[in-house]
Amino acid sequence: MCLEETFGKAANYLQTLASELNPNELLRFYALYKQATVGPCNIPKPNWYQMQARQKWEAWKNLDDMSHDAAMNNYIEELTRISPSWEEDIKSDSYRWVAISRLINTEEEVNDTDKTFLDWIKDGHEEKVQELLDNEPRLVNLMDTDGLLPIHWAADRGHVKIIEHLIKKGADVDSQDGDGQTPLHYAASCGHPDVVKYLLSIGAQSIEDNNGVKPKDIADDNTLAYLSTM
């Protein structure tokens with residue numbers, strides 16, 4: 001397995017451990033991930049009052065000019081130290097991904113005046129989302145830097161009404177992100193039965209992601225029943 005593939009699997013697996021890690025460990029993984037995927041810190045230092053953002057910035061900045069390969073190797077080594085059996089775990093049937101809302105919080109607080117369309121979706125602000133969509137329908141296909149569309153974020157956060165607005169504006173219920181995951185993957189793994197039921201009611205399909213995983217394979221106990229026959 002090549003380094004990039006191992007790193008990708010390690011990053012996915014870390015999602016299942018995020019709630020068990022202390023703040024320093026989370027910062028370390030955050031910094032190594034940014035270094036591996038982006039390179040040396042390339043963003044301005046946050047203001048003094050943005051405490052969480054400053055901590056993340058400093059952790060990343062402290063890696064200086066560490067190479068992509070070194071960052072990936074360090075990330076894998078750190079994960080192996082914390083969870084020596086992680087590579088075996090991802091092969092087992094009990095392995096389950098968790099959605100991005102359960103990851104280390106890498107999002108910074110944003111003032112309302114600075115919020116983007118995706119920020120309003122994450123906040124679950126239905127009125128603002130509808131207003132922006134009415135003014136600019138093309139926002140429905142706005143993809144972020146991670147390859148996620150608005151409907152993925154809405155499914156991840158459990159916002160049924162917002163998904164309805166997006167669908168009415170032309171969102172594809174089976175949209176796939178950069179990893180091949182659909183909104184149904186996100187809703188299933190996050191435990192949003194209302195979203196799962198709605199997506200299925202409008203024709204969502206059980207599509208395999210890039211690793212051959214279907215929504216039912218990562219569904220939690222609240223959503224598995226709705227997907228077990230797919």
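Is Cys 41 buried or exposed? Cys 41 counts as buried, because its relative accessibility is 14% and the cut-off for buried is under 20%. The views below show a predicted model.

**View 1. Cysteines Cys 2 and Cys 41.** Cys 2 has a relative accessibility of 41% and therefore counts as partly exposed. Cys 41, at 14%, is buried. A disulfide is a covalent bond between the sulfur atoms of two cysteines. With sulfur atoms required to lie within 2.5 Å, the count of disulfides is 0.

**View 2. Packing of helix α1 on helix α2.** Helix α1 covers residues 3-14 and helix α2 residues 23-37; their axes are 12 Å apart, at an angle of about 150 degrees. The two helices are therefore roughly antiparallel, since angles over 145 degrees fall in that class. Their crossing is left-handed. On the α1 side the contact involves Phe 7, Ala 11 and Leu 14, and on the α2 side Phe 29, Tyr 33, Ala 36 and Thr 37. By class, these residues are 6 nonpolar and 1 polar, with no charged residue.

**View 3. Packing of helix α8 on helix α9.** Helix α8 (residues 150-157) and helix α9 (residues 160-168) cross at roughly 160 degrees, and their axes come within 9 Å. This pair is therefore roughly antiparallel, and α8 passes α9 in a left-handed crossing. Pro 150, Ile 151, Ala 154 and Ala 155 of α8 meet Ile 162, Ile 163, Leu 166 and Ile 167 of α9. The contact of α8 with α9 has 8 nonpolar residues, with no polar and no charged ones.

Note on methods: Residues numbered from 1 in each chain as written. Predicted model: local features only at pLDDT ≥ 70, side-chain atom pairs only at ≥ 80, totals over all residues. Heavy atoms only, no water. Buried < 20%, exposed > 50% of the residue type's maximum accessible area, 1.4 Å probe, protein only. Axes fitted to C-alpha atoms, helices over the stretch in contact; angles between N-to-C directions. Helix = DSSP H or I, 4+ residues; strand = E, 2+ residues; numbered from the N terminus. Parallel < 35°, antiparallel > 145°, perpendicular 65-115°, else oblique. Left-handed = near helix turned anticlockwise from the far one by under 90°. Contact = heavy atoms within 4.5 Å. Nonpolar A, V, L, I, M, F, W, Y, C, P; charged D, E, K, R; others polar.
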